[in-house]
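Subject: Structure handover

Hello,

Here is the structure for your work. My notes follow below it.

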Amino acid sequence: MTPEAVEREFDVVVIGAGAVGENVADRVVQGGLTAVLVEAELVGGECSYWACMPSKALLRPGTALHGAQTTPGAKEAVTRTLDAAAVLQRRDYFTSNWQDDSQVSWVEDTGIELVRGHAWLTAPKTVEVAGLDGSSHQLHARHAVVLATGSMPTMPQIEGLEDVQVWGTREATSAKEVPERLAVLGGGVAGTELAQAFARLGSAVTLVARSGLLGKFPEEAARLVAAGLRADGVELRLNTATERISGNDDGTFSLALGDGTSITADKVLVSTGRRPALEGLGLESVGFEADEQGHLALATDTSGLVQGTPGDEPWLYAVGDAAGKNLFTHQGKYEARATGDAIAARAKGELAGTPDNWSRYAQTANQHAVPSVVFTDPELASVGRTLEKARKDGYNASTVELPIQVAGSSLHSENYEGWAQLVVDEDRTVLLGATFAGPGVAELLHAATIALVGEVPLDRLWHAVPSYPTISEVWLRLLEKYGL
């Protein structure tokens, strides 16, 4: 017998209690509204337990060790390889051993309600929840329902894949042991990072990608990362399709590749992209339909408001990966802050229509300055537009680029190799994008992000003097090469 639903009303109902959902709820509560979070898994979401934190915890020890091994005076003192068990234990610490007690305490202390269960829309501003404890809830939103449900892996069309038990990124980042042989399918950010992490933990890793490595980044930068992977023993099989995968009697896997060769692995990690997790949310009940592949997609304005939402007033929002724009935790949290503030402002009658660009209610940086870091060794850090994207968007764009060869890089490590590029709008002489590749370059990225968001003219940026001797001196060299 189905339990009778408990009806409750809140100003805002947020489906998904990951980092993005938490930030939305926090901002609307700060704005004087009531909010409830609905979550079927761990409060804190993918980033905390299966993505950002555990993957970086797996990567950092190898980077630290390699940094010592490439610095004279330190390398002579390094006599051991990574302790895999200790690395996994540290990873467990950063995931709180997959317990969300501290996150739940934060939610409660912030004044946000929490309902554990599976949620779906049944009508405008109405959410049904099947509680994990067997209870049933009907939640009514006075002002807004926010979808912060994240994303899910996309699986490639490979013969036999549905018949075998492979790793996704969740299984890889939560692994309890290091496989002797690991095959990684996918040359994007997650596949590249985890390939290096497991290689440094002792796996013999083969990475197979249908196209190149990190194809969304400038080729010169991706080439440095590829060299770093090869130096760690990762075999790169690029521009190569995986035709078939099968399980063997001894528990291993055989992969037949498009070039006629095959590989055998103890574990296979499939990391071939993600898409918004929107299925099962009842969007069909409020007028949204899936495409021919059965997938749903939502279009949002700069405040996160879903376009085409039924009703006379705005009420349905999507943020983070669910909105499908920029699948990065930091960008999702940025979107969440803008959306939460916009919801509170609309509830008070302080915001009508589309918010102004660069206001606190608008996610304007999504179009101009999205930063991303590949936490491999060497690192790859990028923000804004590539040259190709800038020209496609109608800008009169040029680039200035050079190897990173400054005093700071020489001090950082022996035989330091790095590369930097700026994309310039020639009509306004401001930056449109920047890319850095090399050890430790992630910390260069925020300066570039500030320059893009602030639209700082290059002749003014020239007066931002980098400290000596730091890797940031590459900024001066880039501007000098530009002609300043």
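In this predicted model, the side chain of Asp100 makes a polar contact with the side chain of Arg116, at 3.0 Å. Asp100 lies in the loop that runs between helix 4 (84–94) and helix 5 (101–110). Its relative accessible area is 6%; the cut-off for buried is under 20%, so Asp100 counts as buried. Setting aside neighbours within four places in sequence, the residues in contact with Asp100 are Glu41, Leu42, Val43, Tyr49 and Arg116. Ser48 is 52 residues from Asp100 along the chain, and the C-alpha atoms of the two are separated by 9.3 Å.

The loop between helix 4 and helix 5 also holds Asn97. Asn97 is not a glycine, yet has a positive phi of about 55°. With a relative accessible area of 48%, Asn97 is partly exposed.

Leu214 is another residue other than glycine with a positive phi, here near 50°. Leu214 sits in the loop between strand 8 (204–208) and helix 8 (219–231). Is Leu214 buried or exposed? Its relative accessibility is 2%, so Leu214 counts as buried.

Next, a helix pair. The axes of helix 1 (residues 19–30) and helix 9 (residues 329–347) come within 8 Å of each other and cross at roughly 25°. Angles under 35 degrees count as roughly parallel, and helix 1 and helix 9 are therefore roughly parallel to each other. The crossing of helix 1 past helix 9 is right-handed. On the helix 1 side the contact is made by Ala19, Val20, Asn23, Val24, Arg27 and Val28, and these meet Thr329, Gly332, Lys333, Ala336, Arg337, Gly340, Asp341 and Ile343 in helix 9. Sorted by class, the contact of helix 1 with helix 9 has six nonpolar, four polar and four charged residues.

The bond from Asp377 to Pro378 is cis, with omega near 10°. Pro378 is in the loop between strand 16 (371–374) and strand 17 (379–384). The peptide bond from Tyr468 to Pro469 is also cis, with omega near -5°. Pro469 is in the loop that separates helix 14 (458–461) from helix 15 (474–482).

Regards

Definitions and conventions
Residues numbered from 1 in each chain as written. Predicted model: local features only at pLDDT ≥ 70, side-chain atom pairs only at ≥ 80, totals over all residues. Heavy atoms only, no water. Helix = DSSP H or I, 4+ residues; strand = E, 2+ residues; numbered from the N terminus. Buried < 20%, exposed > 50% of the residue type's maximum accessible area, 1.4 Å probe, protein only. Contact = heavy atoms within 4.5 Å. Polar contact = N/O pair within 3.5 Å; in protein donor to acceptor, adjacent residues only side chain to side chain. Axes fitted to C-alpha atoms, helices over the stretch in contact; angles between N-to-C directions. Parallel < 35°, antiparallel > 145°, perpendicular 65-115°, else oblique. Left-handed = near helix turned anticlockwise from the far one by under 90°. Nonpolar A, V, L, I, M, F, W, Y, C, P; charged D, E, K, R; others polar.
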